[in-house]
Amino acid sequence: MTTSPTTPPPQIITGKARLAGVMGWPVEHSRSPALHNYWLRRYGVDGAYVPLPTAPEDFVAAVLGLQAAGFKGVNVTIPHKEAAYKLADVLDASARRAGAVNTLVFREDGKILGLSTDGSGFVASLEASSLPPRPQTRALLLGAGGAARSVAAALQDRGIKVAITNRTQERAVTLAAALPGTDVLAWSEWEQQLGEFALLVNTTSLGMAGGPDPLFCPSLAQAAEDLVVADIVYAPLVTPLLAAATRQGLRTVGGLGMLLHQARFGFKEWFGVDPQVDAATQDHVLNSL
Ligand code: ATR
């Protein structure tokens, strides 16, 4: 019997199964279990990936317990990304630059490795859309939270000149100090300066269904013709910002790709397969929403 990627075979979980999961508080909203278990079935890996609701005060004990119980590692999401950064014995360069960790790998030598895969996932998503940012061009990021820092660091690592703007300017200044070479623009003025940029990225929750301003749609009137507009919000898939950019003839990249691509790094570390992000993967995750 042949099996298409959209109807993967049943999951294999033997006594030797590799185990991983996602720690968050809350964690019910996470798409990661649907995504990783889809890949486990698709690639015939003996393993499982489970939600691990963990209160902040229990985080360290829970990580050490999972490691002791033979887990291969975990994803960590809100509010544990900084605690995971502090707990890791070894940090890769992306985690050090991001100041946060979203993926922990329990190594054979007993050490806990911390990675930050959000920024690399974002860049991989642009590349998958055939819109890789070109070195020496300028990117403008809206927002100054953890997502902004990961994306800014990953873009800088690829030779892009990053500027950020944020409602609370102080946070933008703090972020810029952590990533030397980052410019700061005033929140009230960035729309007028948009023409200087090749890439605009919304890293805030603006435009998200149920978020602070689901209708967020700044003016793109000053955009250069070849501006690429990206959003890390994926619910809705097409945010008002992306819809406006498309109406203006600009190319866009939605947030779902970043979610899928950032997951590849952990999957490969824990389960030994570099999984493909394709239309079938996307459909599966969308159907699980
Ligand atoms: P994350 O770590 O996921 O990026 P965060 O640290 O809470 O999350 O950051 C959320 C971002 O959305 C911030 O840049 C925030 O701006 P402030 O630093 O001024 O709070 C931005 N944001 C949230 N609601 C906003 C709103 N109504 N208007 C403008 N920016 C908003």
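The second largest pocket of this predicted model holds about 200 Å³ of space. Its lining comprises 15 residues, and helix α10 supplies the largest share of them, four residues. The briefing then turns to salt bridges, of which the structure holds eight, and to strand pairing, including an open sheet of six strands.

**Second largest pocket**

- Ser125, Ser129, Leu256, Gly257 and Gln282 are the lining residues that lie nearest the centre of the second largest pocket.
- Three helices, α5 (118-128), α10 (256-271) and α11 (279-287), each contribute at least two residues to the lining of this pocket.
- By class, the lining of the second largest pocket consists of seven nonpolar, seven polar and one charged residues.

**Salt bridges**

- Side chains of opposite charge can pair when their charged atoms come close.
- Asp278 and Arg42 form a salt bridge in which the closest N and O atoms are 2.6 Å apart.
- Because Asp278 lies in the loop between α10 and α11 and Arg42 in helix α1 (residues 32-42), this pair ties together parts that are 236 residues apart in sequence.
- Arg42 is buried, with a relative accessible area of 16%.
- Lys81 and Asp118 also meet through their side chains in a salt bridge, at 3.1 Å from N to O.
- This second pair links distant parts of the chain, with Lys81 in helix α3 (residues 81-87) and Asp118 in helix α5, 37 residues apart.
- The two partners fall into separate accessibility classes: Lys81 counts as partly exposed at 26% relative accessibility, while Asp118 counts as buried at 11%.
- Arg107 forms a salt bridge with Asp109, the closest N and O atoms being 2.7 Å apart; Arg107 counts as partly exposed, at 31% relative accessibility.
- A network of salt bridges links Arg138, Lys161, Asp183 and Glu196.

**The six-stranded open sheet**

- Strands of a sheet pair through backbone hydrogen bonds, either parallel or antiparallel.
- In the open sheet, six strands follow the order β9-β8-β7-β10-β11-β12, and the pairing is parallel.
- From one strand to the next, the twist averages 20°.
- Within this order, strand β10 (residues 199-202) and strand β11 (residues 228-231) pair in the parallel sense over four bridges.
- Leu200 has Val229 as its bridge partner in β11.

- Strand β4 (residues 90-91) runs parallel to β6 and is joined to it by two bridges, with Val90 standing opposite Leu113.
- Strand β5 (residues 103-106) pairs with β6 in the antiparallel sense over four bridges, and Thr103 stands opposite Leu115.
- β5 and β6 form a hairpin with five residues between them, and Gly110 in the turn has a positive phi of about 90°.

Key
Residues are numbered from 1 along each chain as its sequence is written. This is a predicted model: local features need pLDDT of at least 70, side-chain atom pairs count only at pLDDT 80 or more; totals for chains, interfaces and linings use all residues. Side-chain values use heavy atoms; hydrogens and water are left out. On a 1 Å grid over the protein atoms alone, a cavity is a set of points where a 1.4 Å probe fits but cannot get out, and a pocket is an open set with protein on both sides within 12 Å along at least five of seven lines; lining residues have an atom within 4 Å of a point. Grid points are joined across faces, edges and corners, and a volume is the space filled by probe spheres set on the points. Ala, Val, Leu, Ile, Met, Phe, Trp, Tyr, Cys and Pro count as nonpolar, Asp, Glu, Lys and Arg as charged, and the others, Gly among them, as polar. A salt bridge is a side-chain nitrogen of Lys or Arg within 4 Å of a carboxyl oxygen of Asp or Glu. Buried means under 20% relative accessible area, exposed over 50%, partly exposed in between (1.4 Å probe, protein chains only). Two strands pair if DSSP finds at least two bridges between them. Axes are lines fitted to C-alpha atoms, for helices over the stretch in contact, and angles run from 0 to 180 degrees between N-to-C directions.
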